[in-house]
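I opened this notebook page to record what I looked up, one topic to an entry, with the sequence and coordinates beside me.

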Amino acid sequence: MSDPFGAEAELINIESHFYQGQYQEVVDFDTSSFSAENSLPARVLQLRARIALGQAEDVLSEVAGEKKPELEAVGALAQLSAGDAESAVETIEQLAATDAGEIGIVQVVGGTVLAAAGKNDEALALLQRHQGSLEAVSLIVQIYLAQNRTDLAIKEVASARRLAQDSLLFNLAESWVGLRLGGDKYQQAFYVFEELAQAPATSSVRSLVSQAVAELHLGRTEEAQAALDQALKKEPGFADAIANQLVWSVITGQDPAEYKTALEQADPNHPFLTDLAEKSDLFDKAATKYKAKVTA
């Protein structure tokens with residue numbers, strides 16, 4: 001059990017804002033009274049939040065020349081966001097090969113960069129060096145789910161339960177796995193996301209989209225649409241919300257063309273569009289082979 005007056009407790013509120021996707025609140029958070037021990041972790045959270053808000057170039061300029069491994073890792077994340085994945089990966093690989101790879105912030109930020117660049121095995125190797133970091137656990141769970149290794153994600157969540165089963169990150173990770181497992185887990189995940197999405201203190205576009213996904217799994221299409229509308233009212237053009245609107249349109253028998261066009265405009269490289277293009281290409285290849293056999 002953590003000390004409610006200890007160093008970790010000082011970071012709880014700013015971390016919660018970050019994990020809830022409330023990035024502007026993270027940037028605006030007053031850290032002037034933070035202890036010297038927590039000033040760097042707090043600064044890293046604020047820099048990461050600024051990157052998420054589209055300020056990668058500004059962050060790059062701010063951390064240029066910094067020698068602290070944590071800030072070098074943040075610089076790599078900014079490079080990735082700015083479109084220079086090659087340099088970002090190179091920086092993280094260099095850090096991971098030194099003692100800096102034992103630093104929690106380097107593991108989490110570095111794992112984020114490597115996973116986003118498609119280097120999942122490297123990301124897992126770095127993240128699995130963590131010493132009780134729930135954020136590292138949550139990223140490991142995300143990677144396993146992306147790899148369709150639900151079995152490993154379940155094991156990761158189970159082993160993390162002893163760290164802090166009442167923590168926000170643990171509840172989120174358990175809910176992500178629940179959405180993959182289905183059944184009564186859908187409802188359990190919905191309760192977590194709905195509580196975050198509808199409380200003014202914790203609501204964000206990301207929690208609203210998560211609520212909508214849970215609603216879709218539960219067959220509640222009207223409620224899902226309402227949550228997505230709320231998300232887009234908060235942040236028009238939010239790609240994940242538009243992607244789920246596209247899914248909603250298919251489920252409800254609507255024409256998805258409008259949402260597909262909107263998603264292409266919001267984020268041409270969104271994973272949903274990439275996956276759609278890959279599946280379309282595979283279908284075309286399969287159809288060509290089938291047609292050739294029929295013709296013959």
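The entries below go through a helix, its salt bridges, a charged patch and a few loop residues.

**Entry on the model.** I note at the outset that this is a predicted model, and that I numbered residues from 1 along each chain as its sequence is written.

**Entry on helix α3.** I began with helix α3, residues 36–52, and checked its length: at 1.5 Å a residue its 17 residues should span 24 Å, and the end C-alpha atoms are 25 Å apart, which agrees. I then went through its buried residues, and among them I found Asn38, Leu40, Ala42, Val44, Leu45 and Leu47, together with the charged side chains Arg48 and Arg50. Just after α3 I came to Gly54, which takes a positive phi of about 90 degrees.

How many salt bridges does a search of the whole structure find? I noted eleven, and I followed up some of them. One joins Arg43 to Glu66, with the closest N and O atoms 3.6 Å apart. Arg43 lies in helix α3 and Glu66 in the loop between α4 (56–63) and α5 (69–81), so this pair ties together parts that are 23 residues apart in sequence. I looked up the exposure of both partners: Arg43 counts as partly exposed at 27% relative accessibility, and Glu66 is partly exposed with a relative accessible area of 27%.

I turned next to Glu135, which forms a salt bridge with Arg48, the closest N and O atoms being 2.7 Å apart. Because Glu135 lies in helix α9 (residues 134–146) and Arg48 in helix α3, the pair ties together parts that are 87 residues apart in sequence. Are these two partners buried or exposed? I found that Glu135 is buried, and that Arg48 is buried as well.

I looked at Asp275 and Lys279, whose side chains meet in a salt bridge of 2.7 Å, N to O. Both residues lie in helix α17 (residues 271–295), four residues apart, which is about one turn of the helix.

**Entry on a charged patch.** Which residues form a negative surface patch? I listed Asp84, Glu86, Glu90 and Glu93. I followed up Glu90, which is found in helix α6 (residues 85–96) and is partly exposed, with a relative accessible area of 44%.

**Entry on two loop residues.** I stopped at Asn148, which has a positive phi of about 60 degrees although it is not a glycine. Asn148 lies in the loop between α9 and α10 (150–164), and it counts as exposed because its relative accessible area is 59%, where the cut-off is over 50%.

I ended with Thr202, which is found in the loop between α12 (184–198) and α13 (205–217). Thr202 is buried, with a relative accessible area of 17%, the cut-off here being under 20%.

Terms used
This is a predicted model: local features need pLDDT of at least 70, side-chain atom pairs count only at pLDDT 80 or more; totals for chains, interfaces and linings use all residues. Side-chain values use heavy atoms; hydrogens and water are left out. The expected span of a helix is 1.5 Å times one less than its number of residues. Buried means under 20% relative accessible area, exposed over 50%, partly exposed in between (1.4 Å probe, protein chains only). Patches are made of residues with over 30% relative accessible area and no salt bridge: like charges are joined within 9 Å, nonpolar side chains (Val, Leu, Ile, Met, Phe, Trp, Tyr) within 5 Å. Accessible areas come from the Shrake-Rupley method with a 1.4 Å probe; for residues, only the protein chains shown count as cover. A salt bridge is a side-chain nitrogen of Lys or Arg within 4 Å of a carboxyl oxygen of Asp or Glu. The place of a charge is taken as NZ of Lys, CZ of Arg, CG of Asp or CD of Glu.
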